[in-house]
Amino acid sequence: MFFTVSLYVALVVFAVGLVYKVSTWFRYSLSAAAADIPAKRMLAAVKGIVRTVFSAKILTLLKVLVLEVLLQSRTLRESLLRWWMHMLIYGGFMLLLLMHALEKIVSVSLFSAYYATLNPFMFLRDFFGLMVLAGLALALYRRYFMKLPRLKTAVMDQYAIIILAVIMLSGFLLEGVKITSYSRYQEMVEAYADAGDEEELKALESLWVKEYGVVSPELKGPFADEVLAKGRELNESCISCHSRPQWAFLGYGVAKTFTPLAVGLDKAGLPALLWTIHFIACFIGLAYLPFSKMFHILTTPLSLLANAVMNRETSDPLNIATRQIMELDACMHCGSCTLRCSVGVVFEEIPNTNILPSEKVGALKALVSGKPLDERSLKLLQEGLLLCTNCLRCTGVCPAGINLQELWLDAREALLQKGMPEFLLLSPLSLYRGLMRGRLDEDRYAGPARLVADTIGSNFKEIDAQNQTFDPTALDKGLVKHLGGSALGSTFKYCFTCQTCTSACPVVHNYERPLEALGLVPHQIIHSAALGLSDLVYNAKMLWLCVGCYQCQQQCPQGVRVADVLYELKNRAFKKVNAMKPLV
Ligand code: SF4
Ligand code: SF4
Ligand code: SF4
Ligand code: SF4
């Protein structure tokens, strides 16, 4: 009764968890445009699936299913050791699940002669279990002994490994003590053996002690040949459902180890205790699956298949949004991306885990879930996202086929649209915004820069630089002091207005009449800042359209850190208008 109730509770939790997790794929989004319309997204997903299945793309899906899902060719390309680990855990676990855990449904219907204590099933069960144990040992070896750089083990990962290890170890211990268990032998005799006389029962028991590993409190070998022969004769009817326990080689090894203690352990009820632990661990594993790292068993194949047939150009944007959320669940935290990340080494100097792509996936999960993240967490995430060089290496090595680069770009945009100002992203002329050009409507594309210009404009006095003289008493001496106190900004003092920076600036070159379009050009910004003309500087569009290319700084003959001075100025302007107030 207890086990039936536990099983149903576990199944209900599993089903609720599964429905909840799948529903998040349609409810959450990195892109504001795809949010709040889960029903529409579900419909788009169904349409997309039907269209794909009834098109030539089905061949691509089949190829990916065989090569990437079943044979895990991506993992093999990455590391042979990891491939073995994955194949052993995944293959062994799935075969055990089908053959052993679901034996009443799968094994019994497939094999008419199936019996759990008969060969080859008994041998195979231990063999599949050994596969999982070997895979787990490799996983532990990789995590704790190989010391792969920057590979982190999350608490959730540890729970999943612990649950799996408890299931496997309790299973083998249970098998071992069942082999030696005298009480279990007696139950079997009572249930199946025809009640014979005392001598016959002793002969049968002697045979089971000698050949089947049972430890009897009364009978111990060596036994006379005629007793064993008699036992064999009586055992004829048992052979059809009991192979020799040696075939369960792991369980038999456990049985032999525990033989000296077997009678006491049997009396103390160890078989029942192990049985309880094994089943409860299985139920916990089942209930925990949708919430744990193991959920990737379901989502990674989906991510591989979806990425093989979807792309930004032809797929419905709603389906791209759904796929991205599913991809976050498909990450198995293997650390391949982190190991190959071009900027991963920065983590040694700046201990922000969001620099590492595998950790960033976790942070994105929190971001899309709508949980209120504090300002510091958002800033750390933004820093991690902005240090990324878009080198694509992480996407190339991800065994789950996750399009990580798209996630990073969309996440930058999501933070920007959420009101996280970032100078590199503000200018619609920047590389970062350019990468988003095709995905955004005009309003979102140019909106952040316009918004900043408006916000700054409403906080600082607008000055017509060409036709106005300046009141020397209204100069911002604080600005000059501020720049002078900064290691990079203080280089403004060396400027002799040669205009080289302006000649090198691609933003200036973008306009036919730059002064009209930009208010001030770079050398004028430096010069105006040196004079303390903060209103003029902050209102200059050039300051906000700067794409941070550092051309000016590279060309300056005086060593003025032009781009860095511009950053200092932007920072100061933001501080003045209480920049942490959401922009949108
Ligand atoms: S795209 Fe970004 S996160 Fe990915 S490997 Fe390159 S730098 Fe690292
Ligand atoms: S994103 Fe891909 S490569 Fe990176 S940890 Fe997740 S599964 Fe591994
Ligand atoms: S290149 Fe250097 S010295 Fe020349 S104007 Fe620009 S900042 Fe001044
Ligand atoms: S960094 Fe310098 S050259 Fe580049 S856009 Fe900004 S001002 Fe122009």
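Author: Buried means under 20% relative accessible area, exposed means over 50%, and partly exposed lies in between. This is a predicted model. Arg-232, at 37% relative accessibility, therefore counts as partly exposed.

Reader: Which residue forms a salt bridge with Arg-232?

Author: Side chains of opposite charge can pair when their charged atoms come close. Here the partner is Glu-211, with the closest N and O atoms 2.4 Å apart. Glu-211 lies in helix H10 (residues 198-211) and Arg-232 in helix H11 (residues 225-239), so the pair ties together parts 21 residues apart in sequence. Glu-211 is buried, with a relative accessible area of 10%.

Reader: How many salt bridges are there by this rule?

Author: The count comes to 19. One of them joins the side chains of Arg-125 and Glu-175, at 2.9 Å from N to O. Because Arg-125 belongs to helix H7 (residues 121-145) and Glu-175 to helix H8 (residues 155-180), this pair ties together parts that are 50 residues apart in sequence. Arg-125 counts as buried at 13% relative accessibility, and Glu-175 counts as buried at 11%.

Reader: Is Asp-443, which forms a salt bridge with Arg-450, buried or exposed?

Author: Asp-443 is exposed, with a relative accessible area of 53%. Arg-450 counts as partly exposed at 42%. Their closest N and O atoms are 2.9 Å apart.

Reader: Which residues are joined into one network by salt bridges that share partners?

Author: That network consists of Arg-312, Arg-323, Glu-327, Glu-406, Asp-410 and Arg-439.

Key: Residues are numbered from 1 along each chain as its sequence is written. Chains are lettered from A and ligands numbered from 1 in the order in which they are written. This is a predicted model: local features need pLDDT of at least 70, side-chain atom pairs count only at pLDDT 80 or more; totals for chains, interfaces and linings use all residues. Side-chain values use heavy atoms; hydrogens and water are left out. A salt bridge is a side-chain nitrogen of Lys or Arg within 4 Å of a carboxyl oxygen of Asp or Glu. Helices (H or I, at least four residues) and strands (E, at least two) are DSSP runs, numbered from the N terminus. Buried means under 20% relative accessible area, exposed over 50%, partly exposed in between (1.4 Å probe, protein chains only).
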